[in-house]
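Please consult the sequence and the structure shown below while reading.

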Amino acid sequence: MSRVVHLHIGAPKTGTTYLQDRLTRNAESLAAHGIHFPTRRFADNDLFHFRAALDLLGQDWGGAPGHAKGAWPSMVRRVQRCSGTVILSHEILAPAAPDRIVKAMNDLARSEIHVVYSARDLARQLPAAWQESVKQGRAWSFKRFLGAVQRQQAWFQRAFDLPTVLNQWGANLPPEQVHVVTVPKAGDVRPDELWHRFCTVFGIDPAWAPLDSERTNRSLGVAETQLIRLLNRRMDRRTRREAPYDELIREMLAHDELVPSRSAPVVVPPSMYDWIEEQTELWIDWITGSGVHVVGSVEDLRVTRPDPDAEWTDPDQVRKRQVLRAAMDALEAMTREAAQRPDPDRMLRRRVMQRLRDR
């Protein structure tokens, strides 16, 4: 059986949500052309790859305890039943430890394995990464986050530093089986250019996937991010990351109700651009010297500096009035949500009172 497996491992904040949803929506039509994106028949399609990645990494978060157990072997069995091309995708795979990478390669060894990594210029990626960490329950300031980035702390290198990630994942692969997909600069190309670049890597004719995705991981503004950060500080982190709280705060508030933002976007401070440009040159030198396959252009990774006269809004120093407005928006949304959700005790009381009145 001839089979090619594309392991799309990230990076976070490079259009992964859109990609995974579009592949899911078109899974049936793609399968007819020999392109397989394993899914489930039930409502947890978007969690199938996430749980498999968690299980491979030996992690357990984002759901009830044990919710990911056995998901990776299940995924491997699905892959082994396929011929043609199989796509596995989740951004949490990027920072995998070396022993977990070896396990993935061994478990998929009966296939020709390709590693796909999507990369974005750091001036856009870092604000998005900080916001995502806040959505996930972190309470650190933007200044502290950027300080950790510049100190090259391990979590940043394992997930976001392109040479580190691909030296790990591509260690035993020929360079032509390691692919870098660059995220195009905003406004430079057609709106679906990134999707077409992924199609090139996976061998997909775009006509095979006509259903577009409606999911976008939109950015919060400075006030909305500050609000979620303050809420995280108020709550115990373990409680905040339990599924019901995560659904309300990350999914309903951060993804739905507080976007589009009414405050300034989060951008890196002007003082950060020299460091970003140095890192970008290191990335480009590594890509050029390694011989890996690039879809797009390494020029997409170069930062565009802002106008020197442009005002910069410090995300850690947001006006209280702006945060209050975001808080009122959140309170309104939470109140509507609470009113719509059934309360078993309240429903029982209503039934009892109705029976008493009917006597």
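Predicted model: local features only at pLDDT ≥ 70, side-chain atom pairs only at ≥ 80, totals over all residues.

## Packing of H9 with H14

H14 also takes part in a helix pair with H9. Helix H9 (residues 162-169) and helix H14 (residues 273-290) pack with their axes 9 Å apart, at an angle of about 30°. Angles under 35 degrees count as roughly parallel, and H9 and H14 are therefore roughly parallel to each other.

On the H9 side, Leu162, Pro163, Leu166 and Asn167 make the contact, while H14 contributes Trp283, Trp286 and Ile287. Classified by residue type, the contact of H9 with H14 comprises 6 nonpolar residues, 1 polar residue and no charged residues.

## Packing of H1 with H10

A second pair is formed by helix H1 (residues 16-25) and helix H10 (residues 193-202), which pack at an angle of about 65° with their axes 11 Å apart. The crossing of these helices, H1 and H10, is right-handed.

The residues in contact are Tyr18, Leu19, Arg22 and Leu23 from H1, together with Trp195, Phe198 and Phe202 from H10. By class, the contact of H1 with H10 has 6 nonpolar residues and 1 charged residue, with no polar residues.

## The loop between E1 and H1

The loop between strand E1 (3-8) and H1 contains alanine 11. What kind of peptide bond joins glycine 10 and alanine 11? The bond is cis, with omega at about 5°.

Lysine 13 lies in the loop between E1 and H1 as well. Its phi is near 65°, a positive value in a residue other than glycine. Is lysine 13 buried or exposed? The relative accessible area of lysine 13 is 14%; buried means under 20%, so lysine 13 is classed as buried.

## Arginine 78 in H4

Arginine 78 is located in helix H4 (residues 71-80). With a relative accessible area of 24%, arginine 78 is partly exposed, a class that lies between the limits of 20% and 50%.

When neighbours within four places in sequence are left aside, arginine 78 is in contact with Pro38, Thr39 and Phe48. The C-alpha atoms of arginine 78 and phenylalanine 37 are separated by 9.8 Å, and these two residues are 41 residues apart along the chain.

How far apart are the end C-alpha atoms of helix H11 (residues 222-234)? They are 18 Å apart. At 1.5 Å a residue, the 13 residues of H11 should span 18 Å, which agrees. The expected span is 1.5 Å times one less than the number of residues.

The buried residues of H11 are Val222, Ala223, Glu224, Thr225, Gln226, Leu227, Ile228, Arg229 and Asn232. Charged residues are among them, including Glu224 and Arg229.

Note on methods
Residues numbered from 1 in each chain as written. Heavy atoms only, no water. Helix = DSSP H or I, 4+ residues; strand = E, 2+ residues; numbered from the N terminus. Buried < 20%, exposed > 50% of the residue type's maximum accessible area, 1.4 Å probe, protein only. Axes fitted to C-alpha atoms, helices over the stretch in contact; angles between N-to-C directions. Left-handed = near helix turned anticlockwise from the far one by under 90°. Contact = heavy atoms within 4.5 Å. Parallel < 35°, antiparallel > 145°, perpendicular 65-115°, else oblique.
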